[in-house]
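I opened the model to look up a few things. My notes are below the view.

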Amino acid sequence: MNRFSLISAFLAWVLALALCAAPAMAAKTIKVGIVDCYSGPPSTYTNDVRDAFKLEIDKVNAAGGVLGRKIEFVTRDSKFKVDLGLSAAKELVMREEVDILMGTINSALALAISDLARKERIPFLATFAKSAKITGEAGHRYVFSITENTALAGKAGAVGLAKMPFVKYWIAGDDYEYGHAIADGVWENLRTLRPDVELLGQSWWKVGEPDFTPYITAMLSANPDAVIVATGGRDCVPFLKAAKATGFNERVPFYMHTATELSTLKPLGLDAPEGVLGTSNYFFYYPNSKANRQFVKEFQDAYGRYPAVGAVYGLLAAKYITGAYQKAGKVHTEKFIDAMEGMTVDSPVGPVTMRAYDHQAMLPMFMGKTKKAEGYDFLIATDIVTLEPEEVAPSIEEIRKARMK
Amino acid sequence: MDFASNITAAALFQQVLVGLSRTTILFIVSSGLSLVLGVLRIPNVAHGSLYMIGAFLTYTIAAAVGPGAFGFWIALVLAPLGVALLSFAAERGLFCHLYEREHLMLLLFTFSMTLVFNDLVKLIWGSDYRSFTAPGFLQGSFDVFGLPFPRYNLFLLLIGPLVAFGLWFLTNRTKIGKIARAAAVDREMVGAVGINVSWIFAATFVIGCYLAGLGGALVAPTQNITQGMDHTIIIEAFLIVIIGGLGNIWGALLGALIFGLTDSLGILIWPQFAIVFPYVAVVIVLLFRPKGLLKSTW
Amino acid sequence: MIRALFSAKTLLVAALLLAALILAPQVLPRFYIYLMALVFVTGLLATSLNMVLGFGGMYQFHHAVFYGFGAYALTLLLTKAGMPPVFAYLLAPCCSAALGLLLGLITVRLTKLYFGMLQISLGSLVWALAYRWYSFTGGDDGIHGIPLPDVVYSSTGAYYFSLAVCSVSLLVMYLIVNSPFGRIFQGIRDNPERCRAVGVDVHRHQLAGQAIAAFFAGVAGTLFVTVEGSVFPELMFWTLSLELIIMCLLGGWFVFLGPMLGAAIIVVLRTFVGIYTEYWTLVLGVVLMLLIFFLPEGVLGFALRKAGPAQADPAKE
């Protein structure tokens, strides 16, 4: 009897949940649905996207919203699982009836949602997934990318490295799509820019590799001039630790795309290795412009921490959405997309244009070197070189070719 | 690709050394798993989560005590004890009522603990990456035949045999160890001679989980302490226990050696596909000795 | 044969239920139709697992690998081989069955935990293959926008297709479980030694069970592709396999339809709890703990025992 009531209570609870969850019919809002991974290691990046997005949306709403409507948004945690995320995206589209989808740091999920967006004719703004396929070969009218991707990062790394005297390279990285795409991007562009470079060998490790020392010592025994490290996310931290412990950075210069990012350098404190080359879309201390200082202050006041690169993606998403509706003059998907194409918005990194052809936001890249600096209890990037988007983004011709395939 | 172009005696020696220090961690974690598996018959999937909690606790304690060697040592002692305490609570509160159940139920129960632990870690420590450093004298590296060998890895190389000796002493020289070994073979008999098996089980479980916490504490200075740390280690630890022989601590040592060394040597010999070496080793071992290399306790 | 296995009452209930499910898309909003299709897919998968787990007593720890393999097989047959959909849909589950046979040949020599762990290691190798073979399987990015036949392209089409395939598969599996083969299979679960003594080839039966279960997991895989239009390596990841075991446990693994109910509860809970909180896994963990403590025979097993002890199979180790 006891158990029976337990089950009844349980079933009643499930039913109640299902019923309460009927979408609240809020009149006349613009609804944005965010699917992203808010659990596990990636959440250190995705929280910034959401928080900065919220900050900007709150400002817009306080000023009366867009076209007389408030913007509201709902989030769903994908737990870095494609099936969960895709279900959640469908739930947002079919049940919550959102006007716009955005999010995901997971490339596979971004591609899956992008396909859903194409079928459902709902705009999808990819905010952190780095796969170049999203706006490349798998691009279509309803998908936009407001983050750098592997093609951009690869080319940026190559442009930076081509200016260095290194000839003999070693490539190492995370053994998954992202790592290989970054490495290939850097290497192919580098070979075009500097035909004399030579590849000594490659090492690939699994995502979440616990100990990089054996990889580093193996690379050292090959004696390269420089190493291209194509690792991202949480593996950056232990790699830099192992590099510091073995003195790798003093023996061989290395380039690691996300080495200079705040999420990587902050946890390491002053123990991060110096002189590591890295690229990023954004630093809270660079560019040292009024817009950036203003943004950093607002973000800090709201959340009590420095904004990392994800914050710029979140801010840009909010600005694009409000700007495009404003420009379209009414809440209409096709008009929204027409307005998005070619639109330029202001941001802490300067004006950013949404390229009309492939729906890729043309973000500048900053290449710098890690260094200790006064006033910070962690390393920052110095000697920053700005790589303009026109210089590093794949050309429209290249995109067209990729889509023909 | 120039295959194996950079293999020199110095490099080989270096990889063996580095592989051995990796073996230490693998041994510590998987021997705990093996102990619990052998005596209690619990395939403890939550072992990886306890390892992760050990690392997080180390970070928190070291940060609370303050920088320097003192904080490190305190954390190294306290964090595994914290994990042991947690596991003690779990054993007395939950597990001890379930020993009669099937293995599959126990496995699922530990899996549900993993789910709870992982979300608790997220609740308590949030999503930021955490990192802390070993005290000064364990930082940096020294040269072995011209290649750098991190001091911390040397420290691990010293800890490994110490833990192995401790385990040997515990299982062979102490009364509780002897009873636990007997209980692993025939728990009814041990109960019949008037020994409280329940408390032996509790002690074994706590020691096993302590080892998970110790592993987590020891890797903390070299790692990014973050959610998801548990995923890789748990699969590796299970594979090691399987190839070593379920419940056999020396099997865990042998398995860890095979795993650690194929890993580090694979990285030197064929870096592009190094990832698969340990797994291939596991499959080969199991094809020829499906029940593991050493005699299992069940 | 069918009449012998089902009472008139059962047949009536089944017919009514089927009629309700057929009419559902006329009444329910689109999202619930999608969710129900997802329940069919997951439920079929869990039921196929339960054939070997609950009825065969084999520690099938990595069942998801056959599911993902079927999904990949269908996708690759459609995209790379350009095969007509009808053949691709028929061939894909056979690929899974072949994989089941192959892995089974290696694993059935072992029992219980050894069997399960070896299956996890071998299954992880298959997973790694899909995860790494970028040019063929799309690597960890997966394959999206799979060209499906027009009939199943819409969510209603996919719903009806998965309803039909799922019903037929369940019926076939039920017949297998109640066939002489199924009886022997359950006999092996309860007492392998005795079965061996009376001259049953235990390994061969277990191998056949593996292949059948893998086949239906493959069917579920093709349905997943139909409903979602995507494949990705996670479909073969070991954590999914553990979740499937939870579904079997939750519904009750000594009852044929238990896993179906378990899958339904998990899929629905996951969707709606996910709306309110990021801590869905915490909820799942606690629910699972309570279940193991208070309801080890599962929801359906419990309900049937309450309804009448005769119906539930009390066989338990």
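**Ground rules.** I am reading a predicted model, where local features need pLDDT of at least 70, side-chain atom pairs count only at pLDDT 80 or more, and totals for chains, interfaces and linings use all residues. Residues are numbered from 1 along each chain as its sequence is written, with chains lettered from A and ligands numbered from 1 in the order in which they are written.

**Contact of chains A and C.** I found 33 residues from chain A and 30 residues from chain C in it. Contact means that C-beta atoms, placed from the backbone, lie within 7 Å. On the chain A side, α3(A) gives the largest share, 8 residues. Helices here are DSSP runs (H or I, at least four residues), strands too (E, at least two), numbered from the N terminus.

**Open sheet.** I traced 3 strands of chain A in the order β11-β12-β13, with antiparallel pairing. Pairing takes at least two DSSP bridges between two strands. I counted 2 bridges from β12(A) to β13(A). One partner I looked up: Thr353(A) bridges to Met362(A). The edge strands are β11(A) and β13(A).

**Backbone angles.** I checked Tyr286(A) to Pro287(A): the peptide bond is cis, omega near -5 degrees. Pro287(A) sits in the loop between β10 and α11 of chain A.

Leu67(A) is not a glycine, yet its phi is positive, about 50 degrees. Phe80(A) also has a positive phi, near 60 degrees. Phe80(A) lies in the loop between β2 and α3 of chain A. Buried or exposed? Phe80(A) is buried, with 23 other C-beta atoms within 10 Å. The cut-offs are 20 or more other C-beta atoms within 10 Å for buried, 12 or fewer for exposed, and partly exposed in between, with C-beta atoms placed from the backbone. Leu67(A), with 14 neighbours, is partly exposed.

How values were computed. Contact = placed C-beta atoms within 7 Å.
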